[in-house]
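Thank you all for making the time this morning.

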Amino acid sequence: MTTTLERKTVLPPSQHEFAEVVHRLEAGGAMLPDTPENLMQIIGLYKAYAIPMDFYWRDLLYIAERVFLDPVPAFKYFLPKEYLELENHYAGDNADLRIWRGYATAHKELLEFMEQGELKKKLPKLFHHLWHDRINMEFAEECMRAMLWHRNMGGLLEPYMDSEEYKQNCDRAIRAYFKYNPIMLGLYKLFPEMFYEQCRQATMTSVLGLFWEIMAPVFLEMSDIYDEGGFKGVPDAMNFLVNGIFAIAGRPIYHRVNIRGEWYDLVPKSKGFTWLYEAAFPYVEAVFYRTSPFRGTKSYNAQAKQIPADQNDFHYGVLYADKFPVGSAGIPPTLLHQDMFHFLPPYLVEYYQKFCRGKDDMLIQLGISFQRSMYCVTSAVIQAGRAAFLYPLDDPNPDHLRANRAYFEGQLNRFCRREYGINEAARLRFIQTQDYR
Amino acid sequence: MLSLLIAIPIVGAVLTMLMPNGITAKRASLTALTIAVAITLFLSRNFILSEGNFQFRESYTWISLIGLDYRLGLDGISLPLVGLNMLISWLIVFAYNGYRSRLFYALILLANAGLTGAFTATNILLFSIFYELELIPGYLLIAIWGSAKREYAAMKFLIFTAVSGILILVGFLALGWLSGDTMPNFDYQSLRQADLPVSLQIILLLILLIGFGIKTPLVPLHTWLPDTYVESSTYTAMFLGGLLAKLGAYGLIRFCMPLFPTAWQNLSPILAFWGGISILYGAITAIAQKDIKRMVAYSSIGHMGYILLAVSADSSLSLVGGVSQMVSHGVVLALLFYLVGIVEAKVGTREIDVLNGLMNPLRGLPTTSALLVLGGMASAGIPGLVGFVAEFLIFQGSFTQFPIPTLMAIVGTGLTAVYFVILLNRTCFGRLDNRTAYYPKVLGIEQIPALVLTALILWFGLQPANLVKWSEATAQTYSRFTLAELMPVPIDSAQIAIKK
Amino acid sequence: MANIVEIAVSNDSFQTLVTAVKAANLVDALSSPGPFTVFAPVDSAFAKLPAGTITTLVQNIPQLTRILTYHVVAGKYKKADLLDKPRLTSLEGSELYINVNGTFEVNNATVIAADIEADNGVIHVIDTVILMRPHWFDGIMESGGYSFRK
């Protein structure tokens, strides 16, 4: 159950719709209730997510640094060996800060999967690729697109990408990249803004790659700690994430392109962009909360204002996702579920076979566990925000505690908005019970 | 041969009741029905397609005092119906695994035997006996295995069907006594040659029309149907709708039209309109329904109206269409009731406002929904499926004679599509409700009856000759004119003055 | 009097801060005439941060510089001068939220010693490392029923 802290002064009970969640947050817990089942589900999904993520960050950096402005990038998902062996800065012996106790190159399970795929047969890579028997990078690109597309998500990177300095950096890189291609250079002269936009897309690809380069070892370490029994409950897991967020908050965010052996900086490290402000917060805002409505599988009536007119009101991220309509081809979260399905730890596979339709609807079951785990990550971000910008949970000053409570309630209010059916779409209420599977 | 077809299910019913438990009972009844199916296949193998009259005839004098002879015969109208009978009974017995299964199988077998007897009887009194024989199994099937209002529904069924039986019996008795001299003549073949005065024909025809009209059913004699079908269990509804209702339509084609040719001819314009009204009424009320089973029940009323239209047009094409419609309707209705039954069993509700999103491949009922779509399309007469074959033949055969009723029927077909789209849109498409969508899976063995019926729908739809060839020759002997000679027999104006 | 850097160096409780300022090459800047107002976190403030935070920052100087310059404001503001100034713009560019009613607070840090005069400005000693508040922070707090002085 939740840990109670010794406090000298105690606030009266909250009057919020989600009062029990507010109290849990104030006691150091997460939005997700603290039960062993929840802990097992979220850690299992962290592990299942970390391995595709290992591929995602490598391929994202490959696309941002090498593929860059390739007009027909048909093989951008075919990751070269060099990037598989790229060392993660936060794992292995040469790490800047060793978050995962394991090795820095591509994960063993990932390599195994890339060899044989789901079909467990050694076919030419192209067949595996066309059959979608691979890690589905489309999901990663969709996350990147959400971050690119939503403006005002915070941080200094976004205004920088509109600045003259950035455009000059892009100009240099574009000219170098298309040095032997007069057609593309001609197009660039005619439509420079288009190329700048492509550069911005490549920059966001790099940002996302750098963001996930850290999350992968974090999740792998959490899985290892859980396997050893080091987590007593969900708050422990969440606190690991909070500490992780602080530890790597200062990690630089940059974008550089390798053109014929030379490195060109589009966003140099010297600009001082940090992981916390320029990657993590925008990612949570753009991808966890907002993203975009599913295109092509659900009809929305614009006249009936079923889609918010203001992009900031979008509520189509994982925290609001309806996990049941799974299986429709091409919806990015479904692709992620398919990826995670390949790397589920055995204790989760066993667990899922006991409920709902067992093996048949495991994709939905893991999707819901994934949603719980992302609520835990969001809770960690919220608690990290509290620790960074507000007061400790055991602060003796009641004014400070009131500020903390206002912060928690303000965060939860985002899930309670009545417009556009946001409060019905938010899954916060559903995850409070174990029956939501 | 035909007697075997009647006797074997009866023997099977007795054996079933003697079996120790449900599993052995199912084996016994399935064995009996499989033999019956085999015999039916054998009969169809040896059926001469070009021969319009009765084949495989059997004739025994029984109670000559009242003119009741045991005479059986199979022609192009009865063969498809006997085949339908065997198929659906087999599927029902195969699929049912519930409460008091021994009694259930026995009742189905008895009803099956009675139906075969009714479809093959060439002595009209014998027909009445088999017709009445269906009452008790029908009543028990509804009363024992239905849902909340089953006793009410069963009683309603009993009363209406009994009245219909009495009217038919009265009509036949009158016909027999009036046609014979010293002895009543109940023999079908000779009755066709009999020539009663037209006024008499009209009176007898009206009595029989009401009798068979209750059974078919025709609006406004249909009020027993919605409650009966809805309150019955899935399998009972399949049996009642798929088979028992055919007795009424069969009576129209076999007895009402050929035995009273002049009267029928005189009344046919009114009858055609009656058919059209029945079709439109069924379709329009179906659109208003909120319970999917009730919707299917009303659609059943609509579809039987086509048969009245076909028979009143009385061309060989429309008669072939009428027989095909009986088979088509039987197969499609059985499929629809079966699928609605699965939805109800797995989801727990039949309400259109609550059901949603069943096409979901992981948590819904995808195969059932897909087959429901197909069944809906078949019912709406989409080409490539069996419904189109039947309806198109009826339209083609009736249009030149009765253009307005045919137009009403075509509009009815369009309206059928309306309510099926409503049904499918609300039930199959949309989103599953997260709070409640934890349904059990549909097992492979539960899919089999639906798949068999769907295969048949596709088979007949894609190659209609397989359905139509059986009844072509017989339809020729029953129709007044073919398409080639669309010259109606002149109507005597003095006789048209006689109304109801 | 000494300048800001010299005061920090001579004081025992600013060891971590001094190391950071030296690593970020801000010594010259903070020794210049200015004037500056510096909110200086004590060593225990840095110790409160979770393990690895300082390591990562020290490995990446531009990022460290940003955090450090957030603690510096151009101009000399003693506590009395801040009575009518709820916001100050730091050298980093983001705003500092000042509260002088009752306790003297900057963002979520309490000033434990105020108005330490230097040649090129004034130092206020704080007990927590302060971090830039994201643009959504005000909105969230208001939604929860808490409003800052404007």
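This is a predicted model: local features need pLDDT of at least 70, side-chain atom pairs count only at pLDDT 80 or more; totals for chains, interfaces and linings use all residues.

Let me begin with the contact between chain A and chain C, which takes 29 residues from chain A and 30 residues from chain C, where two residues are in contact if their C-beta atoms, placed from the backbone, lie within 7 Å. Residues are numbered from 1 along each chain as its sequence is written, and chains are lettered from A and ligands numbered from 1 in the order in which they are written.

On the side of chain A that touches chain C, the elements that give two or more residues are α11 (234–247), α12 (275–290), α15 (362–389) and α16 (398–413) of chain A; helices (H or I, at least four residues) and strands (E, at least two) are DSSP runs, numbered from the N terminus. The largest share of that side, seven residues, comes from α16(A). By class, the side of chain A that touches chain C has 15 nonpolar, nine polar and five charged residues, with Ala, Val, Leu, Ile, Met, Phe, Trp, Tyr, Cys and Pro counted as nonpolar, Asp, Glu, Lys and Arg as charged, and the others, Gly among them, as polar.

Of the two pairs of chains in contact, chains A and C share the most contacts. Chain B and chain C, by contrast, do not touch, and their nearest C-alpha atoms are 29 Å apart.

Turning to chain A by itself, there are 17 helices and two strands. The radius of gyration of chain A, taken over C-alpha atoms, is 22 Å, close to the 22 Å that the globule rule (2.2 Å times the number of residues to the power 0.38) gives for 437 residues, so chain A is as compact as a globular protein of that length. Its C-alpha trace spans about 70 × 55 × 50 Å along the principal axes.

Now to chain B, and to one residue in it: is B:Tyr419 buried or exposed? B:Tyr419 has 25 C-beta neighbours inside 10 Å and therefore counts as buried, the cut-offs being 20 or more other C-beta atoms within 10 Å for buried, 12 or fewer for exposed, and anything in between for partly exposed, with C-beta atoms placed from the backbone. B:Tyr419 sits in helix α18 (residues 403–427) of chain B, and, leaving aside neighbours within four places in sequence, B:Tyr419 is in contact with B:Ala283, B:Ala286, B:Ile287, B:Met295 and B:Ser299. With B:Ala286 the separation is 133 residues in sequence, yet 6.5 Å in space, C-alpha to C-alpha.

Finally, chain C has an open sheet of seven strands in the order β2-β1-β7-β6-β5-β4-β3, with mixed pairing, where two strands pair if DSSP finds at least two bridges between them. The edge strands, each pairing on one side only, are β2 (72–74) and β3 (87–89) of chain C. Strand β1 (residues 36–41) of chain C pairs with β2(C) in the antiparallel sense over three bridges, and C:Phe36 stands opposite C:Ala74 in β2(C).
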